[in-house]
Structures are given as structure tokens and as C-alpha cells.
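Have the view open and follow the points in order.

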Amino acid sequence: MPHSTHATSPIIGVLALQGDYASHAQALQDIGARSLLVRTKEDLAHVGGLILPGGESTTFLKLLAREALFEPLQQFVQMRPTFGTCAGCILLAKKVCNPEQQSLGVLDATVERNAYGRQIDSEILTEETSLPGGPLEMVFIRAPRIVEVGDRVEVLARRDGAPILVRERNVLAATFHPELSEDRRIHRYFIQMVEEMENKGHRAQPKQTPATKPTQANL
Ligand code: GLN
């Protein structure tokens, strides 16, 4: 029996409003993980972790508003394991520039959109990461650049000095597209994050924000 049918393995959600969610679902299937395409607030309740795929972050924002998913998603990402790739990384950042835009605000980073040029300038590089197993192929497509990170952000890989794979507590983010390469180390790493949080029986506490108005998430 494939590992995917093991009832105790976590279900990994893939936000399926737009972008290359099908490639993430395939990557999860490749490594025998259970997955669920997430399109509604109800779907979110069934997943142990969530992948926000690449695509177009402005389109994600429009669709999240249309589906009334922005706030449920914001609550999810504050507490539960979440992995954002490319546009997903932009959505997770605290601050977005070029131009400024709304975001979920859980990754203590400033992210500059389309920082490496136009679609035609997209490229495939092989870089070192702090994951075991040697250099990793990385597909960059109209990628953002992480221009600043906070102290609690762990940098797992860099490109020309700029972080390209980072982790802050329950949040993992890549400015490239690991789902488009054959190497599944980053998806495995994320599943390990989900399993560790589930095994500890601990879900990260909502972050304390300096907001004057309490939100449901930090009460
Ligand atoms: N350029 C896109 C944006 O700014 C991201 C591209 C991608 O996800 N491959 O949203």
C-alpha cells in the first residue's frame, strides 16, 4: 500500500485558487503524502499543513477576497505549518514592495516582487542549501527577492547573498519553484515540519502583534 493511504499521515492542503497547485499536488503524490486541494474555508479545517503555490500574487489577493478566504487563511497561517513558493512567499511576507500590496503578514521579511526581470529572464540555478543531500536545482520564474529578514528568520539558502529559502517557526518560504524540479527534499522537509508539530501535539500559538485592536487570532 502506498504511504499516501496511511490514515495517520498528515493531509497537506494545496491552495487551489490559481497558479501551479497541480504541480505541488503531484510533488506530494510522488512522495506518498496525502493531499487536498483547498478552495474553501471548510477545506482548511481538514489539513495539517498548507502549501501556497506560485502564480500571480495580485490574482491570489483578488480571489481570496472573492471567496472570503483571506481572513480564514490569515488565521491558519499564523498557527499552522505553511509553505509558500514564489507568489506564495509574497503572500506570506510582512511587507511587499514593487509595488506595495496587501499580504498575510506572517513571515518577518520584506519581499520585492519581480525582482529578477521579466518572465523571459526566468532561470534554473543549482545552489547549496542547508538541507542535507548537496546542491539543489531551483527554478525561478518572475521571482521575488527577499530583501530583508527579521532575526528569527532562519535562512536555508541564498542566491547572490539574498535569502531564497527561509523558515520562521511554522512558516517555510521559497522564492523559487521546488515543485517544478524532480528533487523532493523541500516537500519532504515541509512534511517533516507538519509531522513534528502534530507529534508534539502542539500548534504554534498565534503571534503577539502590536495591533491595538485585538483580532480573533490573538485573543
Ligand atoms: N511575479 C509573481 C508575483 O509577483 C510571482 C511569480 C511566481 O509565482 N512564479 O506575484
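This is a predicted model: local features need pLDDT of at least 70, side-chain atom pairs count only at pLDDT 80 or more; totals for chains, interfaces and linings use all residues.

1. Seven strands form an open sheet, a sheet of 7 strands with mixed pairing, in the order β2-β1-β3-β4-β12-β11-β10. At its edges stand β2 (34–38) and β10 (154–159); each has a single partner strand, so one side of each is left without a neighbour in the sheet. On average, neighbouring strands are turned by 20° against each other, direction ignored.

2. β10 pairs with β11 (residues 162–168) in the antiparallel sense, over 5 bridges. If you want a pair to look for, Glu-154 stands opposite Arg-167 in β11.

3. Next comes a helix. α6 (residues 185–199) packs on the sheet and touches β1 (11–15), β3 (49–52), β4 (82–85) and β12 (171–174). The direction of α6 makes about 170° with that of β12.

4. Which residues have the most contacts inside the largest nonpolar core? They are Ile-12, Cys-89, Leu-92, Ala-93 and Ala-173, in a core of 55 residues. α6 gives the most to this core, with 6 residues.

5. Leu-92 deserves a click of its own. Leaving aside its neighbours within four places in sequence, Leu-92 is in contact with residues including Leu-52, Val-77, Leu-104, Val-171 and Ala-173.

6. Finally, visit the ligand. Gly-54, Gly-55, Glu-56, Ser-57, Cys-86, Ala-87, Ile-90, Arg-113, Asn-114, Ile-141 and Arg-142 surround the ligand. This shell divides into 4 nonpolar, 4 polar and 3 charged residues.

Technical notes: Residues are numbered from 1 along each chain as its sequence is written. A residue is near a molecule or strand if its C-beta atom, placed from the backbone, lies within 6 Å of it. Ala, Val, Leu, Ile, Met, Phe, Trp, Tyr, Cys and Pro count as nonpolar, Asp, Glu, Lys and Arg as charged, and the others, Gly among them, as polar. Two strands pair if DSSP finds at least two bridges between them. Helices (H or I, at least four residues) and strands (E, at least two) are DSSP runs, numbered from the N terminus. Axes are lines fitted to C-alpha atoms, for helices over the stretch in contact, and angles run from 0 to 180 degrees between N-to-C directions. Two residues are in contact if their C-beta atoms, placed from the backbone, lie within 7 Å. A nonpolar core is a set of buried Ala, Val, Leu, Ile, Met, Phe, Trp, Tyr and Cys residues joined through C-beta atoms within 7 Å. A residue is buried if 20 or more other C-beta atoms lie within 10 Å of its own, exposed if 12 or fewer, and partly exposed in between; C-beta atoms are placed from the backbone.
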